[in-house]
Amino acid sequence: MQIRIEGSELPGRPGAAQADPLRLGNVHVGVQRKSEVVDRFRADAAGAVWEFEVTSREVDGLLDVGGPYVHGRPGARFLYLSWGAVDGDTFGGFRRAKLMFGDIPTELLRAAHEGGGVLVARLGLTGADGGPVCARVRPPAVSWQLA
């Protein structure tokens with residue numbers, strides 16, 4: 001199953017409340033693959049798009065997803081967008097946003113599992129405090145559709 005996450009309104013964009021500290025701290029956001037944060041974008045980027053594949057299978061009449069980008073136990077699977085300061089090759093993570101598969105409408109998840117298109121998540125990446133979005137991101141703050 002193909003997944004695409006489209007992030008907009010990054011917290012380091014010019015004029016944003018925490019723009020200067022995020023830029024000066026060389027803060028980036030990326031998708032977490034196992035324990036590594038990959039495909040990183042600077043906090044002041046115009047936008048961020050991640051595309052990757054997850055596995056999906058039917059277990060006792062329910063869909064389960066897996067693979068290196070998927071975290072959590074069966075029935076509570078999710079994806080992480082991780083924020084951290086970059087210093088050379090070091091990523092010092094300090095916040096994560098969690099996108100739950102359980103928040104995806106069942107018909108969309110099933111259609112993506114059956115090859116009906118790419119499952120797309122769209123969300124703003126600035127939290128209510130003006131910093132990086134974190135914790136569980138629920139609809140309507142994230143929208144899911146097939147493309």
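The legends below describe close-up views of a predicted model. Local features are drawn from residues with pLDDT of at least 70 and side-chain atom pairs from pLDDT 80 or more, while totals for chains, interfaces and linings use all residues. Residues are numbered from 1 along each chain as its sequence is written, and side-chain values use heavy atoms, with hydrogens and water left out.

**View 1. An open sheet of four strands has the order S4-S1-S9-S11, and its pairing is mixed.** Strands (E, at least two residues) and helices (H or I, at least four residues) are DSSP runs, numbered from the N terminus, and two strands pair if DSSP finds at least two bridges between them. Strand S4 (48-53) and strand S11 (142-146) stand at the edges with a single partner strand each, so one side of each is left without a neighbour in the sheet. From one strand to the next, the twist averages 15°, where angles run from 0 to 180 degrees between the N-to-C directions of axes, which are lines fitted to C-alpha atoms, for helices over the stretch in contact (heavy atoms within 4.5 Å). Helix H2 (residues 106-113) lies across S9 and S11, and runs at about 45° to S11.

**View 2. Strand S1 (residues 2-8) pairs with strand S9 (residues 119-124) in the parallel sense, over six bridges.** Arginine 4 has valine 120 in S9 as its bridge partner. The side chain of arginine 4 also meets that of glutamate 6 in a salt bridge (2.8 Å, N to O), a term for a side-chain nitrogen of Lys or Arg within 4 Å of a carboxyl oxygen of Asp or Glu. Arginine 4 is buried, with a relative accessible area of 17%, whereas glutamate 6 is partly exposed at 21%; buried means under 20%, exposed over 50% and partly exposed in between, for a 1.4 Å probe and protein chains only. Arg4, Glu6 and Arg122 are linked in a network of salt bridges.

**View 3. In helix H1 (residues 19-24), arginine 23 and aspartate 20 lie three residues apart, about one turn of the helix.** The two form a salt bridge whose closest N and O atoms are 2.6 Å apart. Arginine 23 is partly exposed, with a relative accessible area of 30%, and aspartate 20 is partly exposed with 47%.

**View 4. The side chains of arginine 77 and aspartate 64 meet in a salt bridge (3.0 Å, N to O).** Arginine 77 lies in the loop between strand S6 (62-66) and strand S7 (78-87), and aspartate 64 in strand S6, so the pair ties together parts that are 13 residues apart in sequence. Both arginine 77 and aspartate 64 are buried.
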